[in-house]
Amino acid sequence: MRGPETAPLIVQAKGATPPSDSPGQRSERPGKPGALLSPLALLYYLLALVGLVVLAGACAPLLRDNARPELAATGHLRAALILSNQVLVDKDPTSGQLRGVTVTLAKRLAARLDVPFTAVEYATPAALVDSFDRDEWDVAFLAYDPERALQVAFSPAYMEVDGTYLVPAGSPVQSVDDADRPGVRIGVPARSAPDLFLTRALRAATLVRVPGGAAPALELLSTGGADAYAENAHLLTLYAARLAGSRVLDGRYTVIRHAMATPRARPFAANYVRRFVEDAKQDGTVDAAIRDAGLHHVRVAPPER
């Protein structure tokens, strides 16, 4: 198990200034590139590095042991997943098997805690948000939003997704910047990250809220109930393939930052999940999961520590 990274130890000698170089003889000044350490100083340096590595390795099990009662009080890691967003999770309609970035991360976290993983499924973002105070899950996967952060503790983002619009044939909306005009109706999954962002950002257009998922979105656009539909770009490319004449607009109205959340009353859990997310970004776990899921307009979030 990887411990926290350590900064390089810098050894700088103190004392009198050494004599100037004489012809045919070169001396190295302490603290300058290429300076040579005495055998004793080198020994101290190596011992310090070994001590830091040992300390880091000793801290990792302690962090895990403190977090396990808050993340797996039931003996399982209960992970909340939103089924309406295939960027997060995809469920096979025949076998019921779950796969995707969030499933990969949840299983990896459970393995680090040495407990089984249990998926807690929610049909839409709104359904998951409604569960915040019901003790149904230990960690949840959903987009960061300042309103949600008042109720749960978010980790740093593990991936970023571009938010844009899907427009049907004949829509008056021709570009992302063209959408916020009087008379324009923008469909959006209710209480999703796009809904929360656009509620704050739009000045002239009107939001039309529907349940999350493909069926409500496609029905809204195909029946003329909206001039555009707001969601993440990857999901909209899937919708566009099912709606003749529609197209996903280039550009974006925001970047949606997906993170992991824990109940606010579990500080050890929040700290452990924060470290886990940063490790998963650095060691390639998130990038591999994104590629395995075949996601587009999605990337690993930058480090935050």
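Ground rules first. The model is predicted, so local features need pLDDT of at least 70, side-chain atom pairs count only at pLDDT 80 or more, and totals for chains, interfaces and linings use all residues. Residues are numbered from 1 along each chain as its sequence is written, and side-chain values use heavy atoms, with hydrogens and water left out.

Start with strand E10, residues 228–232. Helices (H or I, at least four residues) and strands (E, at least two) are DSSP runs, numbered from the N terminus. Five of the five residues in E10 are buried. Buried means under 20% relative accessible area, exposed means over 50%, and partly exposed is in between, with a 1.4 Å probe and protein chains only.

What does E10 pair with? Two strands pair if DSSP finds at least two bridges between them. Strand E7, residues 159–167, runs antiparallel to E10 and is joined to it by four bridges. Here Tyr165 stands opposite Ala230. Strand E8, residues 185–189, pairs with E10 in the parallel sense, over two bridges. There, Gly187 has Tyr229 as its bridge partner.

Next, charges. Side chains of opposite charge can pair when their charged atoms come close. The cut-off: a side-chain nitrogen of Lys or Arg within 4 Å of a carboxyl oxygen of Asp or Glu. How many salt bridges does a search of the whole structure find? It finds 22.

Take Asp279 and Arg112. Their closest N and O atoms are 3.2 Å apart. This pair links distant parts of the chain: Asp279 sits in helix H7 (residues 267–282), Arg112 in helix H2 (residues 101–113), 167 residues apart. Asp279 is buried, with a relative accessible area of 6%.

Now a pair within H7. Lys281 and Glu278 meet in a salt bridge at 3.1 Å, N to O. They are three residues apart in the helix, so about one helical turn separates them. Both are buried.

Asp178 and Arg181 form another salt bridge, at 2.9 Å, N to O. Arg181 is partly exposed, at 30% relative accessible area. There is also a network: salt bridges link Arg78, Asp135, Asp138 and Arg266.

On to the cores. A nonpolar core is a set of buried Ala, Val, Leu, Ile, Met, Phe, Trp, Tyr and Cys residues joined through side-chain atoms within 4.5 Å. The largest one has 53 residues. Leu109, Tyr158, Met159 and Met260 have the most contacts inside it. H2 gives the largest share, seven residues. A second, separate core has 16 residues, among them Val167 and Leu249.

Look at Met260. Contact means heavy atoms within 4.5 Å. Leaving aside neighbours within four places in sequence, the contacts of Met260 include Leu109, Phe141, Tyr158 and Phe276.

His258 lies in strand E12, residues 254–263. Is His258 buried or exposed? It is buried, with a relative accessible area of 4%. H2 and helix H8 (residues 285–292) pack at an angle of about 145°, with axes 9 Å apart. The axes are lines fitted to C-alpha atoms, for helices over the stretch in contact, and angles run from 0 to 180 degrees between N-to-C directions. On the H2 side, Val101, Thr104, Leu105 and Arg108 meet Thr285, Val286, Ala289 and Ile290 in H8.
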